[in-house]
Amino acid sequence: GGGTPATHAEEEAILSANFAAIGTAMENNAVSPAVRNDQFMAYVSPAFINANGTPGFDSLKSTTLSRLERYIMNVYKTTIYSSSKLDETHIDTSVTFEVNVTKRPGAVGNASGTYTELYKTVQWVYSNGNWLILKGLPY
């Protein structure tokens, strides 16, 4: 506790570790979709804003749960290419998402395969001692 504030490089390392933890939760198909969804949502701010600028926490949570119920998540990887600190509590990360899924037998949805989102900006907010995703997460 105390001491000097984290450097930007240290903060980026925390965000990278948070993305890795999300990936681990998403890829752990031995655990129920509900538990994995809760593990994922622990990294999302309750103030999460969706792509059209409106509150999206509940929508993200229900959409993600539905996908975890319908697909086996083979790969969920996020790579940070750059980041910029906007102020003391906000950081923008430029990231690429790679997701590979297999549709569960009998499930409704798109085909199995790999989906990539290149150079998306994901904004994080520092709140109650944790960096949480505020906006920019594609879903």
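**Strands and helices**

Reply: Happy to! This is a predicted model.

Me: In which sense do β4 and β5 pair?
Reply: Strands of a sheet pair through backbone hydrogen bonds, either parallel or antiparallel. Strand β4 covers residues 113-127 and strand β5 covers residues 130-135. Over 5 bridges, their pairing is antiparallel.

Me: Which are the edge strands of the sheet?
Reply: The open sheet has 5 strands with mixed pairing, in the order β1-β5-β4-β3-β2. An edge strand pairs on one side only, and here that describes β1 and β2.

Me: How are α1 and α2 oriented to each other?
Reply: Two packed helices are described by the angle between their axes and the distance between the axes. The axes of α1 and α2 come within 9 Å and cross at roughly 170 degrees. Angles over 145 degrees count as roughly antiparallel. The two helices α1 and α2 are therefore roughly antiparallel.

Me: Which residues of α2 make the contact with α1?
Reply: On the α1 side, the contact is made by I22, A25 and M26. The contact residues divide into 4 nonpolar, 1 polar and 1 charged. From α2 come R36, Q39 and F40.

Me: Why are the buried residues of α2 on the same side?
Reply: Within α2 (residues 33-41), the buried residues are R36, N37, F40 and M41. They lie on the same side of α2 because the arc they cover around the axis is only 135 degrees.

Definitions and conventions
Residues numbered from 1 in each chain as written. Predicted model: local features only at pLDDT ≥ 70, side-chain atom pairs only at ≥ 80, totals over all residues. Heavy atoms only, no water. Buried < 20%, exposed > 50% of the residue type's maximum accessible area, 1.4 Å probe, protein only. Helix = DSSP H or I, 4+ residues; strand = E, 2+ residues; numbered from the N terminus. Arc of directions from axis to C-beta. Axes fitted to C-alpha atoms, helices over the stretch in contact; angles between N-to-C directions. Parallel < 35°, antiparallel > 145°, perpendicular 65-115°, else oblique. Contact = heavy atoms within 4.5 Å. Nonpolar A, V, L, I, M, F, W, Y, C, P; charged D, E, K, R; others polar. Pairing = 2+ DSSP bridges.
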